[in-house]
Amino acid sequence: MTSPQSNSLHGKGRECVITRRACFSSSHRYWLPENSPEENLSLFGKCSFAPGHGHNYELIVSMGGELDSDGMVLNLSDVKHSIKNEVTGQLDFRFLNDVWPEFNIYSQDGILPTTEALVKVIWNRLKDDLPLTSLRLYESPTLWADYFGKNMEALLTVQSHFNAAHRLAKDEISLSENKKIYGKCARINGHGHNYFLDVTVRGQINPRTGMICDLPSLQSIIDDLIVEQFDHTFLNKDIEYFKTCVPTCENIALHISDILASPIKNIGANLHKIRLQESPNNAAEIYVEQTIQNSLQMKLENSLVAQA
């Protein structure tokens, strides 16, 4: 129901978060002058090759505040101009290593323009113009970074995929009982999905390499421990864990988080979140570093407070 006050004041004073999308195309190279060519190749792989490589970047700017008398947090025309003037107009069709002083690697404070470092520097260039709540920068559809203004801390997400079949059924109950719980998913011969897996890690951006962790190592962990093991399997029979645990999307995501947490810790980052997309309509998310507060829990807590 709409508040009469909201109607009369056009929502003035109520809080909202808005987002603005902006795109730019840039190139960069991961290479440090203090390292030998062999060391740079070992650290950065093909990304160390001259003259660099390019991406079509997508930037999502989230801004929060109270609505004004016109029903807006900010005038979107002003937002568009700020982003263009401070970011996209300066970066589009440019070589990132040369365009901003923060990325001058010959300077003692220079940092490589990785996705994580770039989104942090963009934050610093926009924060005085716009009431930022978060930034997300896509380097590609399968790699992106999030930044929330927490000094050198950022999130990095890598997306992978695998194909697998499963059957949702518990051995200790009958087929008819399983069908009541799982519906068609309990049918004897199972069914398959094209799973999309988002692995989000949290960590401190290295002030020189610009990385939360070694990206090739992170990708290898995901490929070796998850994709290679799960791809083209019948989960109930081929994965030991699911011989006694129903492979729901939730349980698969939980098992993946259990597998990945320690190896990711070993490369200097923390596993923050797992998101497993089972179909266009269904996905499961595991927040490894925090508990989930939902509306039912809030209702219970509020009722307990009222009784106290």
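The following dialogue examines a predicted model through questions and answers.

Student: How are residues numbered, and which pLDDT values do local features and side-chain atom pairs need?
Tutor: Residues are numbered from 1 along each chain as its sequence is written, and side-chain values use heavy atoms, with hydrogens and water left out. Totals for chains, interfaces and linings use all residues of this predicted model, whereas side-chain atom pairs count only at pLDDT 80 or more and local features need pLDDT of at least 70.

Student: How many helices and strands does the protein chain have?
Tutor: Helices (H or I, at least four residues) and strands (E, at least two) are DSSP runs, numbered from the N terminus. The C-alpha trace of the protein chain spans about 65 × 65 × 35 Å along its principal axes. Its secondary structure comes to 10 helices and 10 strands.

Student: What percentage of the residues of the protein chain count as buried?
Tutor: Buried means under 20% relative accessible area, exposed over 50%, and partly exposed in between (1.4 Å probe, protein chains only). Of the 308 residues of the protein chain, the share that counts as buried is 41%.

Student: What share of the contacts with a separation of 6 or more joins residues 24 or more positions apart?
Tutor: Contact means heavy atoms within 4.5 Å. Among contacts in the protein chain with a separation of 6 or more, residues 24 or more positions apart account for 68%.

Student: Is His 28 buried or exposed?
Tutor: His 28 is found in strand 1, which covers residues 15-28. Leaving aside residues up to four places away in sequence, His 28 touches several others, including Tyr 57, Phe 95, Leu 96 and Glu 139. Because its relative accessibility is 0%, His 28 counts as buried.

Student: Which residue has a backbone oxygen 2.8 Å from a polar atom of the side chain of His 28?
Tutor: A polar contact is a pair of N or O atoms within 3.5 Å; within protein, one must be able to donate a hydrogen and the other to accept it, and residues adjacent in sequence count only if both atoms are side-chain atoms. The side chain of His 28 has a polar contact of 3.3 Å with the side chain of His 55. The backbone oxygen at 2.8 Å belongs to Pro 113.

Student: Why does His 53 count as partly exposed?
Tutor: His 53 is found in strand 2, residues 53-66, and a polar contact of 3.4 Å joins its side chain to that of His 55. Not counting residues up to four places away in sequence, His 53 touches Ser 26, Ser 27, His 28 and Cys 47. His 53 is partly exposed because its relative accessible area is 23%.

Student: How many disulfides does the structure hold?
Tutor: A disulfide is a covalent bond between the sulfur atoms of two cysteines; here the criterion is a pair of cysteine sulfur atoms within 2.5 Å. The sulfur of Cys 213 is 14 Å from the closest cysteine sulfur, in Cys 47, and is therefore too far for a bond. Cys 213 is buried at 5% relative accessibility, while Cys 47 is partly exposed at 25%. The number of disulfides is 0.

Student: Which element gives the most to the lining of the largest pocket?
Tutor: On a 1 Å grid over the protein atoms alone, a cavity is a set of points where a 1.4 Å probe fits but cannot get out, and a pocket is an open set with protein on both sides within 12 Å along at least five of seven lines; lining residues have an atom within 4 Å of a point. The largest pocket holds about 320 Å³ of space, and of its 21 lining residues, those closest to its centre are Tyr 30, Cys 47, Glu 139, Leu 143 and Leu 215. With 3 residues, the element that gives the most is helix 7.

Student: What is the volume of the largest cavity?
Tutor: Grid points are joined across faces, edges and corners, and a volume is the space filled by probe spheres set on the points. The lining of the largest cavity includes Asp 146, Tyr 147 and Phe 148, and its largest share, 3 residues, comes from strand 6. The volume of the largest cavity is about 30 Å³.
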